[in-house]
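Hi,

Here is the structure I promised to pass on to you. Please have a look at it first, and then read on for what turned up.

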Amino acid sequence: MKLVREVTLACAGWAAVALAAQTPATFTAEQDHQNMMDQLGIKALRPGYSGDENAPNHANYDETKANAYSNVPDPLTMNDGEKVTTAKMWWEKRRPQLVEMFDEYVYGRVPAHVPPVKWTVKAVDHERIGFNAVIAKDLIGEVDNSAYPAIHVGIHMTLVTPANAKGPAPVLIMFGRAGFPAPNEPNAEEMERINKAWKALMVQQDPGLKEVFDAHPAWEPVKATPFQFPQLNADGGLPNTWQLIADGWGFALLDPASVQADNGAGLTRGIIGLVNKGQPRKPDDWGALRAWAWGAGRALEYLETDAAVDGKHVGIEGVSRYGKAALVTMAFDQRFAMVLVGSSGKGGATLLRRNFGEGVENLTGGEYYWMAGNFMKYGASEATFGSKTLGDIPVDSNELIALCAPRLTFISYGIPAKGDAKWLDHEGSFMATVDASRVFRLLGAKGLDVEGDYRTAKMPPVNQGLLDGELAWRQHDGGHTDAPNMKYFIAWADKFMGRQAPGR
Ligand code: GCU
């Protein structure tokens, strides 16, 4: 009896160990944040700012106090002070050095052995986007989880390409909800069958209804949805997807949440959790931005196999946090031909060293999970290493934009009056874009054509784009969206691709 009990206990013990190994750690975002602070030896972080200008801890919106940090790092100076004077030196020495620093200190590293992804077309629908026939494919990219079956990651993407294209189309991957954009309805004959079945069912439920149906023979319970004109942009333009298709492009809707949750509690799950077998991150592990970018890279790999897609001309787009993710994707993954970076702010195109709007302290506080754990050090007021500030970050966003060179990079914003908040620091993004132009030029491309350097160059008026170069800038007069810039983006990208669009 005793033996049986001991054996049972031992088994239960093993089962508990095996279960613990299998079940992902369940942390709240606060617990996960604290865990990272402990790993880094941080006792206290400076609090983030409030976006509300009337709050006592509001962000700085005084331009005269914005440029407190003068040591914006130079993309064209090696860490040891040597100047980068040739394209060869950029590719062989400086670019790898910058990538390494962004990996280690800012966005985190993509682990060396992320399991492979297998894409499956789940359904194909023949739809219409505007007046154009399209083919829409709903896809799932299953990540091999044989090493840790407790976490399942299925990347959800919907690819939409013009049905009547003459050849493979350029495609813009857009971060956002995936799913059929304009599900095709049953045709008239099929509708008739559906309605017949409905009526029969209803009569079964309530035989009295037969009389009602006989009295109104033409009435049908299910009706085709009438054509609906889409919601126009603030500038009267059509939705992004309509514009792309009308121009002969395709687009892919890529759901970031299917790769990695947009919160700290999710870090022991999703692709980050899968690779870590359900355990919390190490300080240089990737954050959500880098994980979303990784997902975009896998999406690109599927697109390269699809005959409807011109795999050499795939771009990436996103707004706000997904604008950051789009820029990160483009910066690290050189297979992407172009990017439309919408209202990306801090952690995106805006200089980290600007004291204006959102602070680095916001990115080390509630938004910490977008970044590497190591990034938290720059918000520390009390730690085993003392304290650090944004002035200690070894890289800045001018260098992130520079990593995109010489590929097509469009930085887009709206205006605060329409809701593209000052919080995003448009000026700081312009400064970074101006400075990154030097790297585009070194590589034989064109940057922003402005007078002066990033400290002195003047932002062009709203709606006046700087679109002559491979690096482009445009602030539209709409809100927190890139839609009013879409037609400029398309025409600009078409020009550089040497594409003659239908109807132009
Ligand atoms: C917050 C956050 C920004 C982010 C934005 C968004 O405002 O501070 O960094 O870009 O949310 O993604 O909507």
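Both α3 and α11 (397–402) supply at least two residues each to the lining of the largest cavity. Helix α3 has the largest share of that lining, with three residues. Before going further, please keep in mind that this is a predicted model.

Which residues line the largest cavity? They are F102, V106, Y107, G347, G348, L352, D396, S397 and L400. Sorted by class, this lining has five nonpolar, three polar and one charged residues. The volume of the largest cavity is about 50 Å³, and the structure holds three cavities of 30 Å³ or more.

Helix α3 also turns up in a helix packing. The axes of α3 (residues 87–107) and α9 (residues 321–332) come within 11 Å of each other and cross at roughly 145°. On the α3 side, the contact is made by R95, V99, F102, D103 and Y107, and on the α9 side by V328, A331 and F332. Six of the contact residues are nonpolar, none is polar and two are charged. As for handedness, α3 passes α9 in a left-handed crossing. If you compare the two lists, F102 and Y107 take part in the contact with α9 and also line the largest cavity.

Now to the open space. The largest pocket has a volume of about 530 Å³. Its lining consists of 20 residues, and those nearest the centre of the pocket are R128, A182, P183, F227 and Q228. Which element gives the most to this lining? That is β2, with four residues. Strand β2 (117–129) and helix α6 (240–246) each supply at least two residues of the pocket lining. By class, the lining of the largest pocket is made up of 11 nonpolar, six polar and three charged residues.

Last, the aromatic rings. The structure holds 19 aromatic pairs. One of them is formed by F229 and W242, whose rings are edge-to-face, with 6.4 Å from centre to centre and 65° between the planes. This pair links distant parts of the chain: F229 is in the loop between α5 (209–215) and α6, while W242 is in helix α6, and the two are 13 residues apart.

Definitions and conventions. Residues are numbered from 1 along each chain as its sequence is written. This is a predicted model: local features need pLDDT of at least 70, side-chain atom pairs count only at pLDDT 80 or more; totals for chains, interfaces and linings use all residues. Side-chain values use heavy atoms; hydrogens and water are left out. Axes are lines fitted to C-alpha atoms, for helices over the stretch in contact, and angles run from 0 to 180 degrees between N-to-C directions. A crossing is left-handed if the near helix is turned anticlockwise from the far one by less than a right angle, and right-handed if clockwise. Contact means heavy atoms within 4.5 Å. Ala, Val, Leu, Ile, Met, Phe, Trp, Tyr, Cys and Pro count as nonpolar, Asp, Glu, Lys and Arg as charged, and the others, Gly among them, as polar. On a 1 Å grid over the protein atoms alone, a cavity is a set of points where a 1.4 Å probe fits but cannot get out, and a pocket is an open set with protein on both sides within 12 Å along at least five of seven lines; lining residues have an atom within 4 Å of a point. Grid points are joined across faces, edges and corners, and a volume is the space filled by probe spheres set on the points. Rings of Phe, Tyr and Trp (its six-membered ring) pair if their centres lie within 6.5 Å; planes under 30 degrees apart count as stacked, over 60 as edge-to-face and the rest as tilted.
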